[in-house]
Amino acid sequence: IEFPASDSDIKIIDSTRSADGYNPHLVCLDEVHAYTKTHEEFYSTMMTGGGARVQPLVCTFTTAGDDTSFIWLEEYKFAKGVLSGDFTDETLFPLIYEMDEKDDVFDESLWPKSNPNIGVSIKPDYLRDQANIYSTSAIGINRFTRYHANRLVRSTEAAFDMNDWDNCKGKLSDWSEADAVGAGVDLGSREDFSAYAVVARFETGESDDKDNPVYRYECQVRAYIASDCERDLRQAPFAEWVHRDLLTVCQYPNMELAHDLYRHCLEYRVDSVAYDPVGGMIIGESFKQKGVMIAPMPQNMSHFNEPIKDLRRALKDGLFTHTGDPLLRWCMGNAISRTNYKEEEMLSKRDSSEK
C-alpha cells in the first residue's frame, strides 16, 4: 500500500530473510512464538532497523509458545521481568493476558484472565467446546493451556494415555474376516529394536452412512535385536521378553524380520507395507519384487501427525485391540510426542528416555 504524499508505504516482509536497509517507522510482528532460528536475523533487523527514526515503534502480538520458542521465550521472560520490577526499560510496554501457573485452566470463572475479549471476539460456548475436547488427554490439556490459558507449555508430552492402552487389551478376531490388513516396519540400529506390526481393520457396522463406516483395529507385533548389541539382554525386562519369545535375538535382525514379515504378508493377505525410505530402501525394494505393495513413510510430521491422532482416538473409543504384549506396552509408554506451531505431532526419539 503506497502513500505518494508522504513517500511512504506499508509492505509485507519475508520473515525468513534478512531485512537490512528498510529503516521502518512501524513494525508489526505477529505470532512471535512461531519464530525459529531461521527468523533470528530477520527479527534482529526489525527490532533495530528504525534507529534513524525519531519515534520508531515495534508491536509484537503472539499467543504463548513452548520451551522451543526461543525468540518468544527470551522476550517473554524479559517482559515479565519489567512488569515485576526486576528490569527497567521505559521503552517497553508489556501487556500479558495469561492464567497463573496454579490456576485450573478449565475453570470458566478464570477464562477472562487469558481471554479479555471473551463474549466479543471469542465466545464462551466455543471455549466450553474446546475444553470438552481437550480435557481428556495430556496432549489436549497441553494445547488448551497454551492457546486458551495463554501459558508457557512443554513442547513434548507422553504421546499416549496408558490407561486407554491397557483398556484395549483383548483377544484377536479371525483376520480372514478383516476389511483390510496392513503392515509397518521399522529397522533399528544394532543397539535398537527392529520391529514390524501387522494391523487388521474391521467394519463395526455402527455407522448409518455407507460412505463413512466406523472401523476398529487389531494388531500383532514382532521385535528383533542384534545378539552383539551392547544392551545386557540377561537383565530385566529384556530377559523376560526373550524368554517369552517376544524379542528375537539373532545375528542379522533385519534379515530375520524381512523373512518373518513376508510370511505374515502371505498369511494375512497384507495389502501394503509401510517403511522409512531412509535406511529401509533395500527391504522396500525386495518386498516390491515379491509382489507386495510398499508405502514409503518418511519420518516427518506431515506423515505422522494424522496417524498419531487417529490411533489416540481409536484407543480412547475402544476401537483398537492388542494382546497385552509387555514389550509393545513398554514402547508405547516411552513414546514422546513433539508438537510444532501448526499443532502437528511427531514421535520424538531425542526426547524419549528409551526411544
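Author: The largest cavity has a volume of about 100 Å³. A cavity is a set of points on a 1 Å grid over the protein atoms alone where a 1.4 Å probe fits but cannot get out; points are joined across faces, edges and corners, and the volume is the space filled by probe spheres set on them. This is a predicted model, in which local features need pLDDT of at least 70 and side-chain atom pairs pLDDT 80 or more, while totals for chains, interfaces and linings use all residues. Residues are numbered from 1 along each chain as its sequence is written, and side-chain values use heavy atoms, without hydrogens and water.

Reader: Which element gives the most residues to the lining of the largest cavity?

Author: Lining residues have an atom within 4 Å of a point. The elements giving two or more residues to this lining are α5 (138–147) and β13 (336–339); helices (H or I, at least four residues) and strands (E, at least two) are DSSP runs, numbered from the N terminus. With five residues, the largest contribution is that of α5.

Reader: Is Ile-10 buried or exposed?

Author: Ile-10 is found in the loop between β2 (8–9) and β3 (26–30). Buried means under 20% relative accessible area, exposed over 50%, and partly exposed in between (1.4 Å probe, protein chains only). Because its relative accessible area is 53%, Ile-10 is exposed.

Reader: What is the volume of the second largest pocket?

Author: A pocket is an open set of points with protein on both sides within 12 Å along at least five of seven lines. Among the residues nearest the centre of the second largest pocket are Phe-61 and Phe-93. The volume of this pocket is about 1,300 Å³.
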